Amino acid sequence: MAAAAAASTTPHSLLLQKTTHNHAFLKPNSATFTLTNQRPAKRLSISCSATIPIQDRPSVQTQSQDRIFNFAAGPATLPENVLLKAQSELYNWHGSGMSVMEMSHRGKEFRSIIEKAEADLRALLNIPENYAVLFLQGGATTQFAALPLNLCQPDDSVDYLVTGSWGDKAFKEAQKYCKPKVIWSGKAENYVRVPSFDGLEQSPNAKYLHICANETIYGVEFKDYPMPSDPNGVLVADMSSNFCSKPVDVTKFGLIYAGAQKNVGPSGVCIVIVRKDLLGNAQGVTPVMLDYKIHAENNSLYNTPPCFGIYMCGLVFEDLLKQGGLEEVEKKNQKKAAILYNAIDESKGFYRCPVEKSVRSLMNVPFTLEKSELEAEFLKEAAKEKMVQLKGHRSVGGMRASIYNAMPMAGVERLVAFMKDFQARHA
Ligand SMILES: Cc1ncc(COP(=O)(O)O)c(C=O)c1O
């Protein structure tokens with residue numbers, strides 16, 4: 001560990017002391033790394049030769065030897081340089097003498113962290129001033145209830161366009177708080193497409209039209225967005241699994257929400273971007289923790305927020321900006337997805353992706369094996385090659401490769417090479 005952290009600083013020699021309790025305290029910003037000890041002990045000298053400071057490392061495409069390629073749908077892989085930066089700041093954040101986990105959420109240190117996270121996210125997504133950005137808890141699932149509670153009254157109509165099981169769950173939760181209607185569902189076809197927007201029969205006066213922008217389990221992604229037919233209605237999107245994977249015109253939406261644990265951070269943070277004029281009409285029964293207006297008025301600091309998670313999201317946002325912003329990120333995601341989908345489509349049916357080509361997700365790639373009896377072997381051999389979490393969701397089976405922003409191209413290339421080799425041996 002010490003060597004790994006040190007390897008990302010300038011060349012120097014480390015002084016290490018053995019500790020009685022095996023606690024290694026790193027001070028990565030100093031020229032000397034000291035492992036403290038209660039009593040004098042033997043000194044070891046280790047030299048490190050890497051020369052690039054962590055924050056200036058090229059993003060995403062690096063992968064150290066001891067990391068695996070993690071294709072999990074979430075919590076998911078995080079950028080290696082972000083993890084290393086967090087590691088280097090863990091013990092003593094910016095010379096404050098504390099870790100982020102120990103700071104008062106009202107202190108100047110944490111305020112600077114959350115303010116920068118918000119500013120960077122605003123820059124990434126070009127979020128206008130008339131939208132509030134909230135860092136909340138409870139995951140995207142909590143928003144399934146918070147949405148109707150904040151945006152409508154019990155007798156109000158709202159519409160749900162269901163392209164997978166997350167949209168379905170959101171609809172079911174809304175039934176407790178208003179009068180939602182499913183205006184289209186892909187369930188009968190096993191969720192392989194998005195409908196044409198022209199034929200949608202939206203409810204008159206619907207307060208909002210809800211979509212799940214990327215259905216994580218089925219791999220169906222909206223490439224364009226429907227408009228609510230009622231002039232006062234707004235579009236609401238669950239962007240949990242494609243948040244910050246590409247530019248999005250925020251002004252098309254009344255509200256966007258996303259659990260962080262796929263593309264932008266650890267679990268425990270849910271980001272809500274909401275047009276300010278929609279705030280302040282929550283149903284009377286709305287718990288204070290679900291009231292967006294309260295959180296907006298308090299800059300997400302009404303109560304103790306998930307501080308460390310927000311800090312991690314902030315590091316990811318900074319990293320995405322350094323990569324050139326979401327246009328650049330999208331290009332990388334398109335390339336990664338293209339080589340994987342091509343491998344599937346060119347396998348002569350050995351592998352198959354059921355999703356209609358025009359709406360295939362850039363983030364979650366589900367595929368089946370023609371010989372389904374080989375699935376267990378596929379997963380076993382992939383794990384041996386340091387590629388894990390490729391099993392499809394328990395509700396659909398098959399395989400699923402989640403290739404979020406932080407999955408390096410090298411991970412996708414290794415998967416594709418493995419798939420071709422596996423096919424050659426088992427076709
Ligand atoms: C699209 C989508 N929406 C909602 C959720 C639920 O998120 P959470 O577990 O943060 O409540 C998930 C989780 O995987 C998801 O993929």
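**Reading the ligand shell and a helix pair**

Guide: By class, the shell around the ligand holds three nonpolar, seven polar and one charged residues. Ala, Val, Leu, Ile, Met, Phe, Trp, Tyr, Cys and Pro count as nonpolar, Asp, Glu, Lys and Arg as charged, and the others, Gly among them, as polar. The model is predicted: local features need pLDDT of at least 70, side-chain atom pairs count only at pLDDT 80 or more, and totals for chains, interfaces and linings use all residues. Numbering starts from 1 along each chain as its sequence is written.

Visitor: Which residues are around the ligand?

Guide: A residue is near a molecule if its C-beta atom, placed from the backbone, lies within 6 Å of it. Among them here are Gly139, Ala140, Thr141, Trp166 and Asp238. The largest share of the shell, three residues, comes from α4; helices are DSSP runs (H or I, at least four residues), numbered from the N terminus.

Visitor: Is Phe144 buried or exposed?

Guide: Phe144 is buried because it has 23 C-beta neighbours inside 10 Å; the cut-offs are 20 or more for buried and 12 or fewer for exposed, with partly exposed in between. Phe144 is found in α4, residues 139–151.

Visitor: How do the axes of α2 and α7 cross?

Guide: Two packed helices are described by the angle between their axes and the distance between the axes. The axes of α2 (residues 80–90) and α7 (residues 307–322) come within 10 Å and cross at roughly 130 degrees, with axes fitted to C-alpha atoms over the stretch in contact and angles running from 0 to 180 degrees between N-to-C directions. That makes α2 oblique to α7, as angles under 35 degrees count as roughly parallel, over 145 as roughly antiparallel, 65 to 115 as roughly perpendicular and the rest as oblique.

Note on methods
Helices (H or I, at least four residues) and strands (E, at least two) are DSSP runs, numbered from the N terminus.
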